[in-house]
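Let's take a walk through the salt bridges of this model, helix by helix.

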Amino acid sequence: MYLADYHTHSRISPDARSPMAEMAEAAIAAGLDELCFTDHVEPIVWGSTKLRQDPYDWDALEREYRTAREAVGDRIILRLGMELGDAPWSFAHTGRMIADAPELDFVIGSVHMLSEQFNGVDLYFFDPKDDDEARAGMADYLRQVRRLAEWGQFNVLGHLTLPLRYLNENRGFHLTFDGFEDEIEEILGILIDKGLGIELNTNRGNTPLPDEKWLRMYRDLGGEIITLGTDAHSPDYVGCAIRERQELLKECGFTRFCTFEKRHPIWHEL
């Protein structure tokens, strides 16, 4: 079984604190064969809806990565990627920002914020009063995800059902995306037509994002490009539930998953 964690954050992300070298050592201790760093890159200032005016510090990202590679040597394969978040706030600004990026192995496209209709609230802080308001937010989220999919300047769509992490785990709701089948099928169809994939986010051992229903839909539609990632923001979650989620992929009809090198998929049997 080939084990790879393709969604991790180091101290280069504003919401994480660990050096890449520590994350890599944790991956080795967890028995992983490969680790990809996917630190946050957004066209907006963290914690706001204002467009970033300063260029992204690509040099800091590359220095951190070189240090990690020197620290671990050939004990594990390391890849450099990014989680490109909330591009729908300005695709033009996003395009200019990432034009200066170094050669990356992998890009996750993701949405963490609701639209202007919800004042750009981050899903982490979205605190609806009831199920109806929560589902209105979920619908808004899917509209943002569809816009991102249509843009398509990434390799896989990250954590498709992300609102459930915060609504259920943090806010005490008991929601699913049932009732949004048409919207999700359209999003998945757009991705497949563009030759893009999705991520199976292990959610650090909690309910996977997306879960079995949507994984089966993706596979039934012909989707095959899929990565596995923990969304670890600290060493203790690196590799969490990767083995179990490989089994879930097999149960959903997948026979292989992929890692990436220079934005091209490398296939591994499940």
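**Salt bridges along the helices**

R146 pairs up with E150 in a salt bridge, with 3.0 Å between the closest N and O atoms; the term asks for a side-chain nitrogen of Lys or Arg within 4 Å of a carboxyl oxygen of Asp or Glu. Both residues sit in helix α4 (residues 131–151), four residues apart, or about one turn of the helix. Helices here are DSSP runs of H or I with at least four residues, numbered from the N terminus. R146 is partly exposed at 31% relative accessibility, and E150 is partly exposed too, at 40%. On that scale, buried is under 20% relative accessible area, exposed is over 50%, and partly exposed is in between (1.4 Å probe, protein chains only).

A word on the ground rules: this is a predicted model, where local features need pLDDT of at least 70, side-chain atom pairs count only at pLDDT 80 or more, and totals for chains, interfaces and linings use all residues. Residues are numbered from 1 along each chain as its sequence is written, and side-chain values use heavy atoms, leaving out hydrogens and water.

Now hop to helix α7 (residues 212–220), where E212 and R216 are four residues apart, about one helical turn. Their side chains meet in a salt bridge at 2.8 Å, N to O. E212 is partly exposed at 36%, and R216 is partly exposed at 33%.

In helix α8 (residues 242–251), the spacing between E247 and K250 is three residues, again about one helical turn. Here the closest N and O atoms of the salt bridge are 3.2 Å apart. E247 comes out partly exposed at 32%, as does K250 at 37%. Elsewhere, salt bridges with shared partners tie E34, R79 and E261 into one network. The structure holds 15 salt bridges.

How values were computed
Helices (H or I, at least four residues) and strands (E, at least two) are DSSP runs, numbered from the N terminus.
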